[in-house]
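Here is a short report for someone meeting this structure for the first time. Please keep the sequence and the 3D view side by side while reading.

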Amino acid sequence: MVPPDTAHAGVGEGERSDGVGAPAIPPASGRRWRIAAFARDRAAFAAALFLVLVAGAALLAPLLSPYDPAAADNLLRYAPPGTAGHLLGTDAQGRDMLSRLLWGGRVSLVVGIVPVMVASATGLALGLLAGTAGGWTDQVIMRLLDVVFAFPMVLLAIAIAGVLRPGVWTEVISITVVLIPYVGRLARTATLLVASMPFIEAARAAGATRTALLLRYVTPGVLPPLLVYATTLVGLMIVVGSGLSFLGLGVQPPASDWGAMVSEGRIVLRRAPHATVLPGIVIVAVSLAFSFLGDGLRDALDPRSRRR
Amino acid sequence: MPEALLELRNISKSYAARRGRGRTLRAVAGASFTLAAGETLGLVGESGCGKSTLARLALRLIEPDAGPESGIVRVAGQDFTGASTAATRRLRRRVQIVFQDALSSLNPRMSVGVNVAEPMRLQGIGSERERRSAALELLELVGLRPEHAERYPHEFSGGQAQRVAIARALILRPDVIVFDEAVSALDVSIRAQILRLILDLQQRFGLAYLFISHDLGVVKRIADRIAVMYLGHIVELGAAAEVYRTPLHPYTEALLAAIPVPDPRRMRVRQLGVVRGEATSPLEAMAGCPFRSRCPHRMAICDQATPDLLPVLGRHDVACFLHIPFPPERKAA
């Protein structure tokens, strides 16, 4: 998601920047300062690190998990965290929580991330097209999106998932379809805003072609708000995906995702609170991390937010 | 007479009015002027009279009204209005613009060096390295330092941003630069510096300027010829000295009387800035002189016909029935 490179090769580094009212700013240029700016943003950096760890753990679940996530031990139900052999305890059926969290992460992360990415790309393309073409193209695209938009989000996802065969990819497809109008509307609004900026007119006066205007001027301005929105959606979609699983339209038992674990644990909340609380904490932490990541990326892409 | 670098002939631009179906607002009504090499044409008029619309028409950022009497813009004798996409792009190299709000006319996501070099890139001229050295050269020429190239537009003051915008306008080596209220937003001392820079650059490169401003004092300093605009019409056009000495149109007279005199003993207090009467709405049906409702010399003919811009004294043109012959009596409509 890096916009067209505007860096000059080999300049900036080590140059003095003094005087003329502007505060001294660490010398760096182009892509390099973006990475540097991102690394300086501690919250975003920590969030990125955390997400890499979580994703890595989920990816390596077959190697890392001490037990089969579906293997129930009826003699060891409701074991609290710290029980010998079960680091995070067991759930109501005596299944190892750690193993289930690791395997559940594979589903939850796919359901949270893939639809948001696909819908963002599609929504961006539709929004840019609608916002720059105007007229009939705009009307047709936006009215079509409005039709999808008019359904309650989860209801539509349920309807789509119900038509297809249950499974993780059904979840992914239905959530993607539901998200496109949200992202598309945002992208169109941002496109209209950027397209009305004076520097667009200046670029036209200099002889910019339509393609150059779109790719080099409009898109880099539309990406940051979209990025922030998309990252906040990830956490929400993990929960929506769990809802679909809960209704039997997504991932099938005994496999599970984090959201489904929360809802399963709910029944034995008094007896074994950790069965609900642990996956809940994971969902909150991952959602928050994505939000911080989004904010950090937006700031890193914006020269105005450059700080020491 | 030297060949005109920029020529607008009978250019009009109408917008659909927000209220009232079928009513249109004529932002520019049949404007014509020419601009020769090395010359500065000052375009003055009050806010909303169509100055900026005219600038955008000259640059083909907006399209003029089409129709049987549609006007034409020519750049160095070539038709700009009907030019193909490729030809338009090529002709754009010859006419560049500096906007009033220089800061927001620069891309906030590109460093100033990249911003200045951007027209070359958009035109596909030169290599990355050549563009960069051209940009650095121009930044120096407009009085900025090479290290400024690495900074971003938001780090610049208004005057500096205006210098950057001027550098960008120069990089394609144009023949004509349009300044759309380019110094109006600057404070007085900075404005004087930028005006000096603009005049120096004209000397150096033999540029032709279309200098748009609502400030007659500024235009007086810089312009060879002056065009006065009122409600979309050019009402007077002539050599600057002549227009200042002997204004022919009542509106020009009123404008000149409205320039404050920076001398308390000579200051006119009673008449300062007074243009009598209510302005005609540009929405109203435009038979008749646009200035008639505010004109102290209103005659019967002024309500019936719109005066054309015609030469009165050599190359001093005016659109006013006080100075030009009445049109032949029209048949009852």
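**The contact between the chains**

This is a predicted model. Chain A puts 26 residues into its contact with chain B, and chain B puts in 29 residues. On the side of chain A that touches chain B, helix H8 (198-205) and helix H9 (210-246) of chain A each supply at least two residues. H8(A) gives the most to that side, with seven residues. By class, the side of chain A that touches chain B has 14 nonpolar, seven polar and five charged residues.

**A helix pair in chain A**

Helix H2 (residues 42-59) of chain A packs on helix H11 (residues 274-301) of chain A. The angle is about 135 degrees, and the axes are 8 Å apart. H2(A) and H11(A) are therefore oblique to each other. The crossing of H2(A) past H11(A) is left-handed. On H2(A), the residues in this contact include Ala43(A), Ala47(A), Phe50(A) and Leu51(A). On H11(A), they include Val286(A), Phe292(A) and Asp295(A). The contact of H2(A) with H11(A) divides into 11 nonpolar, one polar and one charged residues.

**The eight-stranded sheet of chain B**

Chain B holds an open sheet of eight strands with mixed pairing, in the order E6-E7-E8-E3-E9-E10-E12-E11. Its edge strands are strand E6 (95-98) and E11 of chain B, and each pairs on one side only. From one strand to the next, the twist averages 20 degrees.

Helix H9 (residues 250-257) of chain B lies across strand E3 (40-44), strand E9 (225-230) and E10 of chain B, at about 105 degrees to E9(B).

**The four-stranded sheet of chain B**

Four strands of chain B form an open antiparallel sheet, in the order E2-E1-E4-E5. Strand E2 (24-36) and strand E5 (78-79) of chain B are at the edges with a single partner strand each, so one side of each has no neighbour in the sheet.

| Strand pair | Direction | Bridges |
|---|---|---|
| E11(B) and E12(B) | antiparallel | three bridges |
| E1(B) and E4(B) | antiparallel | four bridges |

Two bridge partners show where these strands meet. Leu313(B) has His316(B) of E12(B) as its bridge partner. Leu8(B) has Val73(B) of E4(B) as its bridge partner.

**The domains of chain B**

Which residues make up the two domains of chain B? The domain assignment gives domain 1 as 4-94 + 174-318 and domain 2 as 112-169. Their contact takes 10 residues from domain 1 of chain B and nine residues from domain 2 of chain B. Helix H6 (residues 188-205) of chain B provides the largest share of the domain 1 side, four residues. The domain 1 side has eight nonpolar, one polar and one charged residues.

How values were computed: Residues are numbered from 1 along each chain as its sequence is written. Chains are lettered from A and ligands numbered from 1 in the order in which they are written. This is a predicted model: local features need pLDDT of at least 70, side-chain atom pairs count only at pLDDT 80 or more; totals for chains, interfaces and linings use all residues. Two residues are in contact if their C-beta atoms, placed from the backbone, lie within 7 Å. Ala, Val, Leu, Ile, Met, Phe, Trp, Tyr, Cys and Pro count as nonpolar, Asp, Glu, Lys and Arg as charged, and the others, Gly among them, as polar. Domain bounds come from an automatic or database domain assignment. Axes are lines fitted to C-alpha atoms, for helices over the stretch in contact, and angles run from 0 to 180 degrees between N-to-C directions. Angles under 35 degrees count as roughly parallel, over 145 as roughly antiparallel, 65 to 115 as roughly perpendicular and the rest as oblique. A crossing is left-handed if the near helix is turned anticlockwise from the far one by less than a right angle, and right-handed if clockwise. Two strands pair if DSSP finds at least two bridges between them.
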